[in-house]
Amino acid sequence: MQLPEKLIKSLSETTGFDEESFIKIHQCGNQLTSIRINPSKHPLIMNSGLIADEAFLYNSTFTIQEKVPWSSFGYYLSKRPAFTLDPLLHAGAYYVQEASSMFLEQAFKQTVDLNKSIHILDLCAAPGGKSTLIQSLMSEESLLVSNEAIKTRANILVENISKWGASNVIVTNNDPKDFATLENYFDVIVVDAPCSGSGLFRKDPDAIKEWSEENVTLCSHRQQRILADIMPALKQNGIFIYATCSYSKEENEDILDWIAEKFQVKGLRLMVDKTWGIMETLSDKTNSHGYRFYPDKVKGEGFFIAVFQKKDGGNFSFPKRKKNNFEKLTKNEEAITRKWITDNEKFSLFKNESLVYAIPEHLQNHFSLLKSLLYIKKAGVLLGKITPHELIPEHELALSKLSHANAPSIELSTEQAISYLRKEEIKIETQYKGWCTVTYQQHQLGWIKVLPNRINNYYPSEWRIRM
């Protein structure tokens, strides 16, 4: 691997940079693999504090090497398995995430009161690693808006959020400037900004060909535009988290100076265990704190993160109440639908044409507001398609925590689960008839319908395994 000479030269005076070991770690060819457990789908972890390899990973297809030290639910694997062929991945039991970026958990825990009901925006969210991490940290009363500006990337974000199973997330497909109408709305905004990507050279060597000083400058200008557009949406005393997967000072410390000079903010220092190998750095002009991850010093890829608190602005005020634009269910439709979900009193139901959705009751007004201002790709949980006589359940319902505990379920073998995920015909001996969920190691994979002479596979065609 031949690293760009201009990149190496530009880093020569950067805090913590060791040219020899930096080049060596890139040339050795080692690859790290890490995953993060979904605690909401592992009640033993949540209720008793059991570590994940005792509660779940002992019977999985991969071998745990050690825990990611700055993450509650992150683990390094001894080697990279064929994740696509692991049914537990498709069930949302875990997420494959680069270890350095899991440090976002520390930024939240050290600067945000996660017990409160708060509104969080993950602005550049696809494919969903940081959003699923945030959702696991925040309270059930909180709201996460997970946004992706690029339309083609928004679909994979919807898929990963759906698999995670939470109901208090809204996925949007908007440009940062579209959030200007939500002045002072968010308590926390996370911007994992589009960048030149030098921190991921080990994972994607082809990215080296695309790196240039001109692209770094272009990314820096784009980052400033994004931050200028989004900062008004953060309320007074709100927390702003900035991150990149770039090593370049122009996209990191220089951006911190730009933020500190342009906005009324206070840089926040994080407590970092020295054994983690993370380099604390200060920007040149404003001494704003940032944190650099070098792969020769940490067990992870290149990453940069910094945290600010906004000092100006105010609190959000709801606009004058507009007419609720939700289509209500008829009494018959509501009676049919509510048989399918648990905790009925906690959720509001609405429909769009024939599709029925559930959203937490306390978030209904917020959803109505966001629906009027943003392009929403997903909100709450899509329950199914309503007909005069039945609800045809959607995949999201099976993967959520709303699915009724008494709904029939059928446990599949590994071979059967793979066939199901390929949307192939599966052969099962069962006494059940009609709609059933299928599970793998107690984790729900989706729906089937058992008919007298066949079983229909309702796994989403666009998500099926193709390998």
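1. A loop to start with: E353 sits between β14 (347-352) and β15 (355-360). Its phi is near 60°, a positive value in a residue other than glycine. E353 counts as exposed, at 67% relative accessibility; here exposed means over 50% relative accessible area, buried under 20%, and partly exposed in between (1.4 Å probe, protein chains only). Helices (H or I, at least four residues) and strands (E, at least two) are DSSP runs, numbered from the N terminus.

2. Before going on, note that this is a predicted model, where local features need pLDDT of at least 70 and side-chain atom pairs count only at pLDDT 80 or more, while totals for chains, interfaces and linings use all residues. Residues are numbered from 1 along each chain as its sequence is written, and side-chain values use heavy atoms, with hydrogens and water left out.

3. Q441 is another one to look at: phi is about 50°, positive although Q441 is not a glycine. Q441 lies in the loop between β20 (434-440) and β21 (443-450).

4. On the peptide bonds, the one from A126 to P127 is cis, with omega near 5°. P127 belongs to the loop between β5 (119-122) and α7.

5. That brings us to α7 (residues 129-137), which packs with α6 (residues 104-111) at an angle of about 35°, the axes being 10 Å apart. Axes are lines fitted to C-alpha atoms, for helices over the stretch in contact, and angles run from 0 to 180 degrees between N-to-C directions. From α6 come L104, E105, F108 and K109, and they meet K130, L133, I134 and L137 of α7; contact means heavy atoms within 4.5 Å. By class, this contact has 5 nonpolar, no polar and 3 charged residues. Ala, Val, Leu, Ile, Met, Phe, Trp, Tyr, Cys and Pro count as nonpolar, Asp, Glu, Lys and Arg as charged, and the others, Gly among them, as polar.

6. S220, Q223, Q224, L227 and A228 of α10 make the contact with I255, W258, I259 and K262 of α11. The class count there is 5 nonpolar, 3 polar and 1 charged.

7. Staying with α11, its buried residues are E253, I255, L256, D257, W258 and I259. They pack against α10 and against strands β9 (234-244), β10 (265-268), β11 (279-282), β12 (289-293) and β13 (303-310).

8. D296 is in the loop between β12 and β13 and is partly exposed, at 22% relative accessibility. Leaving aside residues up to four places away in sequence, D296 touches D18, S21, F22 and I25. E19, in helix α2 (residues 19-27), is also partly exposed, at 42%.

9. Finally, the whole chain: 15 helices and 22 strands. The radius of gyration is 23 Å, close to the 23 Å the globule rule gives for 467 residues, so the chain is as compact as a globular protein of that length. The radius is taken over C-alpha atoms, and the rule is 2.2 Å times the number of residues to the power 0.38. Buried residues make up 55% of the 467. Among contacts between residues at least 6 apart in sequence, 72% join residues at least 24 apart.
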